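Here is a chain to look at with its coordinates. The questions that follow ask what each label rests on.

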Amino acid sequence: AIVLRLLQEGASTELRDKGGKTALTIAKRAGHAECVRIIEEHMEAEAAREAEATATARGIQWKCSSCFKPESDAAPLMVCKGCKSARYCGPCCQEQHWHAAHKKVCKKLRAIKDEGKRLRTQSA
C-alpha cells in the first residue's frame, strides 16, 4: 500500500540507490511480487500517458497496428504491454498482429526505448 501511495504522490521509478539499483530492481531481488506488480503497472501507465501526450502534441492519430482502424473517443486503442508502441482495437487484432509480425520486433522495440530512457536519465 505504501508503494502505491508513494507513486500516486509523484515518487520517481527512475531514482537509483548508491549502487545504481532502482526500486523495481530491489523489489525483484527481494522477492516482493506485489511491489514489483505495482511498480510495473505504474511504469506502464506512465509510459502510455507520455506516448499519448507526445502524440497529441504532434497531432498524431493512432491507428490499430493490425487493421489500421483509427482510434476514436468511443473506441480507444489498447497499447502493447511489451513495447508500448503497437496499438490494437481489440484482442483479435492483437493476436493476429502478434503472429504475423509483432512477435519478432516487440522485445527489440522495448530494448530501444529502455536504452533511450536510460541515456536520458544519465544525462539529466
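Q: Which helices each supply at least two residues of the lining of the largest pocket?
A: They are helix H2 (23-30), helix H3 (33-58) and helix H4 (91-123), where helices (H or I, at least four residues) and strands (E, at least two) are DSSP runs, numbered from the N terminus. H4 gives the most to this lining, with eight residues. The model is a predicted one, in which local features need pLDDT of at least 70 and side-chain atom pairs count only at pLDDT 80 or more, while totals for chains, interfaces and linings use all residues. Residues are numbered from 1 along each chain as its sequence is written, and side-chain values use heavy atoms, with hydrogens and water left out.

Q: What makes a residue part of the lining of a pocket?
A: On a 1 Å grid over the protein atoms alone, a pocket is an open set of points where a 1.4 Å probe fits, with protein on both sides within 12 Å along at least five of seven lines, and a lining residue has an atom within 4 Å of a point. The largest pocket is lined by 27 residues, of which Met43, Arg110, Lys113, Asp114 and Lys117 lie nearest its centre.

Q: Why is Ala86 called buried?
A: Its relative accessible area is 5%, and buried means under 20%, exposed over 50% and partly exposed in between (1.4 Å probe, protein chains only), so Ala86 counts as buried. Ala86 sits in the loop between strand E1 (78-79) and strand E2 (87-88). Leaving out residues up to four places away in sequence, Ala86 has contacts (heavy atoms within 4.5 Å) with Ser65, Met78, Val79, Cys80 and His102.

Q: What makes the set that includes Ala86 and Cys93 a nonpolar core?
A: A nonpolar core is a set of buried Ala, Val, Leu, Ile, Met, Phe, Trp, Tyr and Cys residues joined through side-chain atoms within 4.5 Å. The largest such core has ten residues, among them Ala55, Trp62, Leu77, Ala86, Cys93 and Cys106.
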